[in-house]
Amino acid sequence: MLKKFLSTLLLAVFVLFAGTEFVSAGANQDTVLEDAIEWQGHYYKIFPMNVNWETAKKFCESIGGHLATAETQAENEMLKQFFLKYGKDVKAIRIGGYRDDAGIWRWVTGKIIASYFDWGNGQPRGERTLIFNRDIDGKWATVNGEGYASEYFFICEWESAADAHDSTL
C-alpha cells in the first residue's frame, strides 16, 4: 500500500513539474512495477492520474517505458481486458497511439498503426490521440491529447523489467 501511495505521489510531482527534465534515480523496479502485469515478457501498469496525453507520454518515458501500444489483436485484447477489469468508474484510458501531422496513425514507438485496428463505431474522428473507451466496450476512440478528463488514466508499458526505474527531479 505504501509503495502504491509513493508511486502515485511520484506521478503527482511529475505532473506539477511537467516541463522539467527528469533524471533517473537508478533501478528501483519494485516500486515502478508494483501492481504491473506481465504479458509475453512486457510489463503494463495503469496509473490512476488524470493528465493530458503528452504528460502521460513523458511520465512513462521518464520511468523507462512508453504509453502502451496494442500492436497485435492478442495484445490489444489483453490490454482491453486489463482496462475493463480495472474499475467501472473509469470511462476511458489513454494509450500510445496518435495521429501525426501528416494524418498517419502511429504508436509512440514510431511504428505505423497498420496491421491491426480496433476502432469503435464512428471512429476515428478528427482528434489526435487514442483511448480505450468503456462506452464502446473498450474499443479505440480518439480524443484531443491536450485536454484533461477526470476519467482518463493511462497505461505504461515496459519492454522488459530491466527497463523500469524510478524517476526524480
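**Exercise 1.** How many residues lie between strand 7 and strand 8 in their hairpin, and which residue in the turn has a positive phi?

*Solution.* Five residues lie between the two strands, and Asp-137 has a positive phi of about 60 degrees. Strands here are DSSP E runs of at least two residues, and helices are H or I runs of at least four, numbered from the N terminus. Strand 7 and strand 8 run antiparallel, joined by five bridges; pairing requires at least two DSSP bridges. Ile-131 has Ala-141 of strand 8 as its bridge partner.

The model is predicted: local features need pLDDT of at least 70, side-chain atom pairs pLDDT 80 or more, while totals for chains, interfaces and linings use all residues. Residues are numbered from 1 along each chain as its sequence is written, and side-chain values use heavy atoms, without hydrogens and water.

**Exercise 2.** Which residues touch the most other members of the largest nonpolar core?

*Solution.* A nonpolar core joins buried Ala, Val, Leu, Ile, Met, Phe, Trp, Tyr and Cys residues through side-chain atoms within 4.5 Å. Of its 22 residues, Tyr-44, Leu-79, Leu-130, Trp-140 and Ile-155 touch the most other members. Among the elements giving two or more residues are strand 3 (42-47) and strand 7 (129-133). Helix 4 gives the most, four residues.

Technical notes: Buried means under 20% relative accessible area, exposed over 50%, partly exposed in between (1.4 Å probe, protein chains only).
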